[in-house]
Amino acid sequence: MAARVGRHLGFRSSWCVEAAVGYAEHDMNAITCIEDLRVLAQKRVPRMFYDYVDGGSWTESTYRANERDFQRILLRQRVAVNLAHRSTRTTMLGQEAAMPVAIAPTGLTGMQRADGEILAARAAKAFGVPFTLSTVSICSIEDVAEATGGHPFWFQLYVMRDRGFVERLIRRAHDANCSALVLTLDLQISGQRHKDLKNGLSAPPRLTLRNLIDMASKPRWALGMLGTRRHGFGNILGHVKGVEDMASVSAWTFAQYDPTLDWDDVDWIRRLWKRKLVLKGIQDVEDARHAVAAGADALIVSNHGGRQLDGAQSSIRALPAIVEAVGDRIEVHMDGGIRSGQDVLKAVALGAKGTYIGRPMLYGLGALGEAGVSRALQIIHTELDLTMAFCGRTDVGDVDTGVLLPGTW
């Protein structure tokens, strides 16, 4: 047990892990932290898809740093403050949100749990936070729009070599009432992710003996997959000439990432998309200035969850310099390493107008489906609210570096 708790980070709480073992599935009170959801997801999701979530590129040093560097920032406790009326409500891109948190775009979400993107979008809608759908989702834009009753959500775009497909995809996002386009800039080429290579990651999974044994040991997952028609990249399958079956869609997708993507392409997309535009993958002040010049409404300080350039700085370390350089001209968001409401508070204190959770949502989804995503959001919200109060603040809009201990950030 201790070895599992200490996996790549010494601060993961053993009592959280103990609480997750042997709990009754209906007893949500036993799920008290994101780590509980991670442990349960690891038990319930086939290895290749769990590893896809819980891993980074090369040595995974940046993946680990994303979490570790949050822990190095200490909070400043205050007392004798009237805490009777507190609010975590805010806006992100002009949209009301229950807290400064959005669901991050995550690929293959529907492989963590059948129809995963639909389940996560429903949970986000009910909780009152934005949901972002990935280009490489299993459920399509249209699937999510229908399942959420046309409720606005955000769509994340990868720029493919086939610019005609990109243009059609943008049009589909517009027609589905997506209120923001999140353009990812840091996946022109893919980082080397050893776990995915060793596992032979694919969607749907190849039916090797190893995979069949693994899937058979995850009966909830397998039964869910048997009950859905969605097993491949829904935004691509049937929308590209010659890509009409599961065998061709994955090969086409991974061959389509475009190394020629540059700021001229960003300008082109800005002209095509008239609603809110967010640029994701910014780690450098000069790139942040480019984002402002490109007319983006927001940028996301992000290193792709440590899945691209290993050895890059953590997102929370990159955040303050970018906020200082451009925070008065563009909305600055961040993702990477957030595992608690305390992490959200620290990011907001350092200038982030919004944060994104990817892995916590996926752990919840893999563990308990839609209810697990809702539980992840509840956990983060409660932690944010309580920590804000302990730091002497009653409104998340008033949070600044005064809640942090000087010299630790």
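Student: Why is Ala80 called exposed?

Tutor: Its relative accessible area is 84%. Exposed means over 50%. Ala80 is therefore exposed. Note that this is a predicted model.

Student: Where does Ala80 sit?

Tutor: Ala80 is in the loop between helix H5 (61-71) and strand S1 (90-92). Its phi is near 55 degrees, a positive value in a residue other than glycine.

Student: Why does Leu108 count as buried?

Tutor: Leu108 has 3% relative accessibility. The cut-off for buried is under 20%, so Leu108 counts as buried.

Student: What is the phi of Leu108, and where does Leu108 lie?

Tutor: Phi is positive, about 60 degrees, although Leu108 is not a glycine. Leu108 lies in the loop between S3 and helix H6 (116-127).

Student: What makes S4 and S5 a pair?

Tutor: Pairing needs at least two bridges. S4 and strand S5 (residues 154-157) have two bridges, in the parallel sense, so they pair. Thr132 stands opposite Trp154 in S5.

Student: What is the strand order in the open sheet of eight strands?

Tutor: The order is S3-S10-S9-S8-S7-S6-S5-S4, with parallel pairing. Strand S3 (101-103) and strand S4 (132-133) stand at the edges. Each has a single partner strand, so one side of each is left without a neighbour in the sheet.

Student: Which strands does helix H15 lie across?

Tutor: H15 (residues 315-326) lies across strand S7 (276-282), strand S8 (298-301) and strand S9 (331-335). It runs at about 175 degrees to S9.

Student: What makes a residue part of the lining of the largest pocket?

Tutor: A lining residue has an atom within 4 Å of a pocket point. For the largest pocket, 47 residues make up the lining. Tyr52, Gly107, Arg193, Asp196 and Arg307 lie nearest its centre. The pocket holds about 910 Å³ of space.

Student: Which helix supplies the largest share of that lining?

Tutor: H12 does, with five residues. By class, the lining has 23 nonpolar, 16 polar and eight charged residues.

Student: What is the volume of the second largest pocket, and how many residues line it?

Tutor: The volume is about 510 Å³. The lining has 21 residues, with Leu185, Asp186, Gln188, Gly281 and Asp287 nearest the centre. Helix H13 (263-272) and S7 each supply at least two residues of this lining.

Student: What is the omega of the peptide bond from Ala203 to Pro204?

Tutor: Omega is near -5 degrees, and the bond is cis. Pro204 is found in the loop between H9 and helix H10 (209-216).

Key
Residues numbered from 1 in each chain as written. Predicted model: local features only at pLDDT ≥ 70, side-chain atom pairs only at ≥ 80, totals over all residues. Heavy atoms only, no water. Helix = DSSP H or I, 4+ residues; strand = E, 2+ residues; numbered from the N terminus. Contact = heavy atoms within 4.5 Å. Axes fitted to C-alpha atoms, helices over the stretch in contact; angles between N-to-C directions. 1 Å grid on protein atoms, 1.4 Å probe; cavity = no way out; pocket = protein on both sides within 12 Å on 5 of 7 lines; lining within 4 Å. Points joined across faces, edges and corners; volume = space filled by probe spheres on them. Nonpolar A, V, L, I, M, F, W, Y, C, P; charged D, E, K, R; others polar. Buried < 20%, exposed > 50% of the residue type's maximum accessible area, 1.4 Å probe, protein only.
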